[in-house]
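Please look over the sequence and the model together before reading on.

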Amino acid sequence: MLADEGIISAALSDISTAGATAEVVLFPARESVRHLYALEAMLEALFRIASCRQANGAEKLVRAGLIGAVNACRAISVPLSESRGSKHAMDELMQDAHLRYNHPNVSMPSQRERQHRILAPLLRLITTVQCALPQSSDLQAQLVEFLESHEDMGAYVLSDRDGYSGASMGSNLVRCLP
């Protein structure tokens with residue numbers, strides 16, 4: 001029913017284009033954070049669809065182009081610049097301080113937190129789809145292509161020293177692939 005109404009294709013289109021630009025992760029502006037929360041909500045909604053076995057949700061998502069959409073999402077592979085001394089990190093800290101000074105009631109997540117808000121639901125979604133369709137060779141090929149094209153993101157998730165919650169999902173996804 002959702003596929004017939006175009007909800008899935010609209011969500012996938014938003015993920016691969018406007019709502020999923022690198023600015024969502026890079027800039028601590030209110031508009032970017034709104035896009036971040038919308039992207040996070042879309043990924044969670046797609047996760048729920050993928051989890052619905054009675055309606056073959058995972059299969060519908062794959063047929064609608066889920067992996068292609070997340071592969072096109074530029075927000076997931078943004079290299080973080082929060083290392084100390086980085087000019088970009090200092091610029092972000094200054095922007096964040098300016099925003100907090102001018103809008104003290106607005107809490108802006110850090111760059112790292114913004115990226116985690118995308119990666120955790122994304123990895124849950126992809127892992128759920130992969131587990132629901134373990135015999136799909138087409139899906140396996142798409143997932144391998146996804147992991148190869150986002151190699152830096154995969155390395156980041158698997159090596160995160162701060163206990164990033166998506167690390168176990170990322171390593172499970174890698175182990176499940178042929």
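Axes are lines fitted to C-alpha atoms, for helices over the stretch in contact, and the angles between N-to-C directions run from 0 to 180 degrees. Helices themselves are DSSP runs (H or I, at least four residues), as strands are (E, at least two), numbered from the N terminus. The model is predicted, so that local features need pLDDT of at least 70 and side-chain atom pairs count only at pLDDT 80 or more, while totals for chains, interfaces and linings use all residues. Residues are numbered from 1 along each chain as its sequence is written, and side-chain values use heavy atoms, with hydrogens and water left out.

The chain holds 10 helices and zero strands. Of its 178 residues, 42% count as buried, a word that stands for under 20% relative accessible area with a 1.4 Å probe, protein chains only.

The axes of helix 3 (residues 30–51) and helix 4 (residues 57–64) come within 5 Å and cross at roughly 125 degrees. Helix 3 is therefore oblique to helix 4, since angles under 35 degrees count as roughly parallel, over 145 as roughly antiparallel, 65 to 115 as roughly perpendicular and the rest as oblique. In contact (heavy atoms within 4.5 Å), Leu46, Ile49 and Ala50 of helix 3 meet Gly57, Ala58 and Leu61 of helix 4.

Notes:
Buried means under 20% relative accessible area, exposed over 50%, partly exposed in between (1.4 Å probe, protein chains only).
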